[in-house]
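Subject: Structure handover, aromatic contacts

Dear colleague,

Here is the structure for your files. My notes on its aromatic rings follow below.

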Amino acid sequence: MMQFMLLFSRQGKLRLQKWYVAHPDKLKKKITRELITTVLARKPKMCSFLEWKDVKVVYKRYASLYFCCAMEQEDNELLTLELIHRYVELLDKYFGSVCELDIIFNFEKAYFILDELVLGGELQETSKKNVLKAIAAQDLLQEDEAVDGALREVGLL
Amino acid sequence: MPAVRGDGMRGLAVFISDIRNCKSKEAEIKRINKELANIRSKFKGDKTLDGYQKKKYVCKLLFIFLLGHDIDFGHMEAVNLLSSNKYSEKQIGYLFISVLVNTNSDLIKLIIQSIKNDLQSRNPIHVNLALQCIANIGSKDMAEAFGTEIPKLLVSGDTMDVVKQSAALCLLRLFRKSPEIIPGGEWTSRIIHLLNDPHMGVVTAATSLIDALVKKNPDEYKGCVTLAVARLSRIVTASYTDLQDYTYYFVPAPWLSVKLLRLLQNYTPPSEEPGVRGRLSECLETIFNKAQEPPKSKKVQHSNAKNAVLFEAISLIIHNDSEPNLLVRACNQLGQFLSNRETNLRYLALESMCHLATSEFSHEAVKKHQEVVILSMKMEKDVSVRQQAVDLLYAMCDKTNAEEIVQEMLAYLETADYSIREEMVLKVAILAEKYATDFTWYVDVILNLIRIAGDYVSEEVWYRVIQIVINREEVQGYAAKTVFEALQAPTCHENMVKVGGYILGEFGNLIAGDTRSSPLVQFELLHSKYHLCSAATRALLLSTYIKLVNLFPEIKNRVQEVFRADSNLRSADVELQQRASEYLQLSIVASSDVLATVLEEMPAFPERESSILAVLKKKKPGRIPDDVRESKSPQPNITPAPVINNIANTNSSSADLLGLSTPPGTNAPTGNGLLDVLGDLYTTPKISPTTVQQNNIKKFLFKNNGVLFENDLIQIGVKSEYRQNLGRIGLFYGNKTQSPIQNVRPELHWNDLHKLNVQMKPMEPVLEAGAQIQQMLTAECIEDFLDSPSMSVSFLYNNVPQKISMKLPLTLNKFFEPTEMNGESFFARWKNLGGEQQRAQKIFKAQGSIDLTATRTKLAGFGMQLLDGIDPNPDNFVCAGIVHTRVQQVGCLMRLEPNKQAQMFRLTVRSSKETVSQEICNLLADQF
């Protein structure tokens with residue numbers, strides 16, 4: 001089971017955090033700070049896995065962003081790496097060549113996409129098509145509402 | 001500013017841009033504070049906000065939170081959004097709640113109500129939103145509220161696939177919070193049959209749920225094995241086009257495959273059904289075969305996914321440990337990975353091989369790769385990979401290759417990373433001891449360890465070499481000669497001086513015949529190091545000197561001179577001063593017979609498992625194979641006894657040192673030093689067997705170690721550790737007298753074994769004079785209990801039966817886990833636990849004048865978390881903790897209010913269980 005996922009920049013700025021275990025805020029901040037420092041200190045050719053405290057950390061860098069997952073001991077490292085990749089693919093498909101700025105300005109979308117992929121720390125849906133379909137359905141609902149709203153505003157509804 | 005998707009919130013985008021444009025941290029904080037003030041006033045303002053505005057502000061708060069700032073308002077507005085009829089608003093409300101709301105919030109009832117409404121919705125997208133929220137933050141309350149509904153949703157034929165997926169993981173979350181919510185009976189087979197669902201996404205989600213259920217109740221869910229094997233078989237034999245979007249870079253359903261392989265690791269190989277077993281073997285073979293095929297893509301994603309399945313298959317093979325050919329095949333496959341160019345693969349291959357090395361079928365196959373592994377240890381660029389190589393070498397070591405592996409590890413130690421040196425030292429020491437056929441080799445290895453990595457050689461390591469030398473006559477002369485030579489080096493590590501001092505003090509006579517190591521030369525050599533050493537080492541050397549006086553009367557004058565030196569006799573260090581003056585007197589007053597008796601050679605140490613192994617296990621729980629190749633290599637003389645640490649010493653560090661220099665023997669009662677020996681020589685010991693010193697059990701409420709009982713004959717010390725609802729208690733029986741204590745029989749008196757299960761390990765019935773033996777007890781808290789178990793110890797001293805009784809320091813508070821929380825949640829819970837049944841209160845008089853620091857220290861040892869800055873009155877103490885029992889966990893809050901004028905305390909305990917509140921209150925009352 002995934003315990004948490006962090007996205008942070010090369011400068012160490014946190015961009016997204018998702019926790020699947022309940023920790024007090026103070027502890028979350030401490031873990032985040034320490035883990036970011038640890039991961040940023042690693043050299044490029046190093047192994048993508050590390051034993052860190054009682055979790056197994058799997059991380060990968062995409063352009064300026066680090067994606068970092070904390071897994072339990074028995075979880076499969078290589079597939080976690082591919083889970084990260086799948087998430088990046090989804091973001092990329094949704095935003096169209098995703099960049100760090102997309103995630104900053106649309107962090108809520110990044111959360112919604114993650115929720116379709118991973119739920120409660122477990123992988124929910126691995127099919128790219130199905131995830132994108134779910135997100136598209138959400139967007140459609142939103143747009144309908146927006147149109148409704150606009151029509152209402154000009155007194156057409 | 002990049003385009004904003006969906007129905008963008010312009011205000012939010014502007015705010016984010018503003019923050020990004022801030023030139024300094026201060027400017028950013030200023031901008032954020034301004035925004036927070038703005039949002040606060042909007043939320044408090046008279047004008048009602050519309051949904052869009054609420055959504056926008058809640059989103060801004062979320063963003064501010066993500067930047068690392070605390071958010072303490074807006075929760076209510078977010079909850080309001082949940083009942084909006086606009087999806088986009090509802091969605092933001094749920095997001096805020098899953099990121100920011102504590103499961104124990106006051107708002108939880110409102111949230112649960114909203115979720116209930118959304119679960120009833122006809123729109124599956126709304127239902128999923130609600131399910132996702134539960135899956136992300138589900139708590140016990142939610143388990144209660146939705147425990148019946150969600151299983152129905154999961155197995156109903158009308159439920160859409162996407163909803164089923166979420167429902168499965170949602171149920172998993174609730175099950176983890178309260179295991180009792182899963183209905184048994186016919187549900188079991190309906191849940192298992194989800195493995196047959198045509199929708200791969202549903203199977204993927206359901207497999208995680210089933211895995212958790214199986215862990216809890218393997219027998220009930222045994223039926224899943226056949227289905228899982230069938231499903232796995234269909235996947236691995238599928239071509240990559242069959243599974244369409246569930247094929248990942250030409251690998252068919254890697255995630256589901258891995259989950260199924262994991263699921264099967266909960267069971268032993270399916271032996272009752274040969275068909276299933278055969279089919280599983282076929283699957284595993286197929287996975288291996290596919291690994292050998294040329295890659296279908298050059299992308300790393302392809303090879304990662306393929307290898308992920310392969311590694312999981314190997315884990316299953318290792319778990320089953322029943323098919324020699326598969327194990328060997330796994331080993332060969334991993335061997336190929338050892339020289340792969342991907343660091344990740346090398347890392348995983350080393351890790352996996354470590355497990356293979358512990359199987360008797362593949363141990364030999366692993367050994368074939370020794371050369372490559374040694375190279376990995378030396379050449380890998382990444383320390384975590386080198387670490388894996390060291391672990392593997394340790395695991396693959398046996399009698400045949402021990403010398404080579406130890407040699408290589410020693411050589412590598414000279415340049416090894418600081419971060420792994422200490423552990424390597426332990427490993428080398430263990431391997432050297434375990435596989436020594438010739439103990440001169442062992443002595444060489446340990447002395448080399450001290451020479452190469454002296455700073456990393458912990459006390460346990462050099463204690464151990466001394467224990468072994470003392471116990472093995474054949475190696476004593478060699479040890480003396482070797483340390484003597486090692487000490488010749490102009491600079492040598494202090495640990496070397498310690499070992500040298502101890503060994504020459506005991507066995508210097510064995511090499512004294514050689515003029516090059518005559519008594520005086522030995523003494524002067526040791527003494528040349530004296531001034532460079534710490535006080536502890538000096539103290540040890542002083543003991544060595546008096547032993548040398550006994551061995552070689554001819555150097556007595558020279559040694560006395562040293563004792564008399566101002567730096568010793570008037571040392572500022574009280575231990576050194578005492579030793580110098582006592583040893584000096586001893587050398588003057590005692591006749592050679594007395595001296596010989598007092599300083600008789602050390603008796604052999606009781607054989608015990610290496611204390612080093614215990615240290616290593618503690619450092620890396622779970623990663624050290626329990627015993628290094630225990631089963632197959634014949635033991636080199638050492639018989640492992642139960643894990644016993646070095647004689648547990650509750651005394652000061654200098655006493656610890658004495659503990660070693662005067663081990664259990666006839667000449668020193670526990671810890672009191674030489675004066676008592678002399679005292680005993682000249683006066684008749686007065687023993688009053690009936691005096692029983694009060695055993696003050698209450699002091700153990702606040703600490704885990706100490707002297708539990710003591711009278712003139714016997715001392716019983718205790719050392720204990722607790723984790724969750726389990727405890728390990730070591731009792732140390734020390735014989736304080738000059739004669740053996742016999743027929744020692746400890747007996748437990750405790751009727752509530754169904755609440756607190758205490759097990760005593762058997763112990764030796766005879767306690768030799770001056771000796772100390774250990775007995776282990778284990779305790780498991782099943783449900784909360786009152787008071788603490790008693791025990792009695794009966795024994796014979798001089799053939800007179802004795803019986804003593806005492807309470808064990810096992811009280812409910814030992815099973816506390818401290819809990820951090822902030823003021824808001826503390827008082828919210830405090831109010832929640834206001835019921836008559838949940839509270840307990842006592843008012844009592846302070847023991848002396850109220851001392852807040854002492855009270856604080858005591859409370860800190862009680863087991864709950866002391867929470868500072870929460871109570872408005874700084875003198876009050878508030879604490880929080882969770883009592884772990886097997887059946888449940890009970891959250892518990894405590895408040896202690898001192899009244900200095902009245903010299904009284906008021907103690908209030910609140911918890912979700914009446915008996916717990918009462919007992920914690922009773923335990924703590926009158927203690928301050």
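Over the ring of which residue does the charged end of Lys427(B) sit? That ring belongs to Tyr394(B), with the charged end 5.4 Å from its centre. Likewise, Lys547(B) has its charged end over the ring of Tyr502(B), 4.3 Å from the centre. A charge sits over a ring if NZ of Lys or CZ of Arg is within 6 Å of the ring centre and within 35 degrees of the ring normal.

This is a predicted model, in which local features need pLDDT of at least 70 and side-chain atom pairs count only at pLDDT 80 or more, while totals for chains, interfaces and linings use all residues. Residues are numbered from 1 along each chain as its sequence is written, chains are lettered from A and ligands numbered from 1 in the order in which they are written, and side-chain values use heavy atoms, without hydrogens and water.

Across all chains there are 30 aromatic pairs (rings of Phe, Tyr and Trp, the last by its six-membered ring, with centres within 6.5 Å; stacked if the planes are under 30 degrees apart, edge-to-face if over 60, tilted for the rest). One of them is the stacked pair of Phe8(A) and Tyr66(A), at 5.4 Å centre to centre and 15° between the planes. Phe8(A) is buried at 0% relative accessibility, and Tyr66(A) is buried at 8% (buried means under 20% relative accessible area, exposed over 50%, partly exposed in between, with a 1.4 Å probe and protein chains only).

Phe107(A) and Phe63(B) form a tilted pair, because their planes are at 40°, with centres 5.7 Å apart.

Finally, ring pairs link Phe702(B), Phe816(B), Phe844(B), Phe862(B), Phe905(B) and Phe928(B) into a cluster.

Regards
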